[in-house]
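Morning, everyone. Please look at the structure on the screen while I talk.

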Amino acid sequence: MLIVDAHQDLAWNMLTFGRDYNRSATETRLQEQGSLAQAENGDTLLGWPDYQRGRVAMVFATLFCAPERRRLGEWDTQSYRTPAQARRLYSAQLDAYHRLIENHPDHFQLVDRKSRLDDVIAHWENEQHEEHPVGLVILMEGAEGIREPAELENWWQRGVRLIGPAWIGTRFCGGTHEPGPLTQQGFALLEGMADFGFTLDLSHMDEQAALQALDVYPAPIVASHANALALLKSSDSNRHLSDRVLNGLIERDGIVGLVPFNRFLIAGWSPEDGRQVVTLDRLVAQIDYVCQLAGDARHAGIGTDFDGGFGLQSAPAGIDTIADLQKLTPLLAEKGYTQNDIAAILGGNWLSLLKRTLPHQP
Ligand SMILES: [Zn+2]
């Protein structure tokens with residue numbers, strides 16, 4: 001079964017720590033022993049050889065940087081004070097993806113149009129090939145790099161296909177830890193996004209803003225990396241999705257990428273608790289919750305957020321690298337999911353969204 005992962009902050013890691021995702025996770029870990037990357041972001045879970053072993057055919061690769069009020073330390077080069085600075089950082093990350101693809105076309109390919117999606121999938125399905133290029137779909141997380149809606153055209157031309165207007169609160173809307181509605185600028189951004197057919201990513205949007213967006217945004221809507229609040233009852237974080245938002249997403253034919261991050265699987269988990277206490281069953285429960293709410297298996301997917309502020313130390317037991325996501329197959333089968341359902345959850349749902357939303361010509 002092919003896996004599609006709807007959220008990985010690859011460029012942030014490449015530019016912050018110099019991580020080279022052509023290498024295996026094992027190789028990167030060895031090289032990073034005692035390094036800043038390991039101390040600040042944990043042991044990596046990602047690498048091209050691991051994508052191959054795990055049949056991870058497609059990754060939504062993010063552009064992500066943080067406002068200065070959330071700067072992590074002196075070492076954090078990816079933070080901004082003004083929209084102009086954010087624009088430069090996002091742009092440099094996008095350049096980094098283009099360079100990665102140019103220098104390693106056998107490892108990574110840009111998926112910004114339907115024909116490229118078809119090419120990558122055909123390559124993976126052709127058993128004569130032993131190795132396959134991983135498709136990168138570009139997702140902008142926290143849209144502060146867009147100074148005004150008129151700039152959307154440039155981002156679209158350079159390959160961005162999904163945009164999430166929030167991380168913490170932005171000038172567009174309330175976000176994680178910083179609640180609030182869509183602002184006037186937020187409504188204007190959505191209007192501009194819809195003109196091009198950007199997919200809207202609700203992850204990190206405050207519930208109030210997410211519900212407004214579900215009402216007004218006419219183009220496709222997803223949550224690339226978020227979990228159901230109903231299974232995290234003791235959490236008071238607005239980072240998780242309420243049933244109202246989940247139902248809205250399902251009604252709009254959206255998809256949720258469920259996140260195998262221990263703190264998003266057990267409220268209050270911390271690394272001192274050990275990763276053994278968090279099993280993959282917790283992720284299966286999140287997937288199952290969305291499927292039960294929807295009444296089918298067409299709205300749940302995976303959005304790992306691996307290497308996005310956490311590493312091996314905060315991933316469930318049983319996960320050594322991303323390749324271990326294939327362990328979900330028997331677990332979902334035990335719960336009664338058919339092979340077709342499982343294929344949809346692991347990747348098929350994201351692929352059909354891409355088939356629906358990618359342009360024929362950029
Ligand atoms: Zn995020």
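Which residue just after H10 takes a positive phi? That is Asp253, with a phi of about 65 degrees. Keep in mind that this is a predicted model.

Now step back into helix H10 itself. H10 runs over residues 243-251. Five names to find there: Val245, Leu246, Gly248, Leu249 and Ile250 are buried.

Next, a pair of helices. Find H1, residues 10-17, and H5, residues 83-103. Their axes come within 9 Å and cross at roughly 95degrees. An angle of 65 to 115 degrees counts as roughly perpendicular, so that is how H1 and H5 lie to each other. Who meets whom? From H1 we have Leu10, Ala11, Trp12, Met14 and Leu15. From H5 come Ala92, Gln93, Ala96, Tyr97 and Leu100. The contact of H1 with H5 has nine nonpolar residues, one polar and no charged.

Last stop, the zinc ion. Which protein donors does the zinc ion have? They are Glu141 through OE, His204 through NE2 and His225 through NE2. They lie 2.1 to 2.2 Å from the zinc ion. Along the sequence, the donor spacing reads E-x62-H-x20-H. Glu141 sits in strand E6, residues 134-141, while His225 sits in the loop between E11 and H10, so this pair ties together parts 84 residues apart in sequence. Are Glu141 and His225 buried or exposed? Both Glu141 and His225 are buried.

Notes:
Residues numbered from 1 in each chain as written. Predicted model: local features only at pLDDT ≥ 70, side-chain atom pairs only at ≥ 80, totals over all residues. Heavy atoms only, no water. Buried < 20%, exposed > 50% of the residue type's maximum accessible area, 1.4 Å probe, protein only. Helix = DSSP H or I, 4+ residues; strand = E, 2+ residues; numbered from the N terminus. Axes fitted to C-alpha atoms, helices over the stretch in contact; angles between N-to-C directions. Parallel < 35°, antiparallel > 145°, perpendicular 65-115°, else oblique. Contact = heavy atoms within 4.5 Å. Nonpolar A, V, L, I, M, F, W, Y, C, P; charged D, E, K, R; others polar. Donors = N, O, S within 2.8 Å, 3.2 Å for Na, K, Ca; no water.
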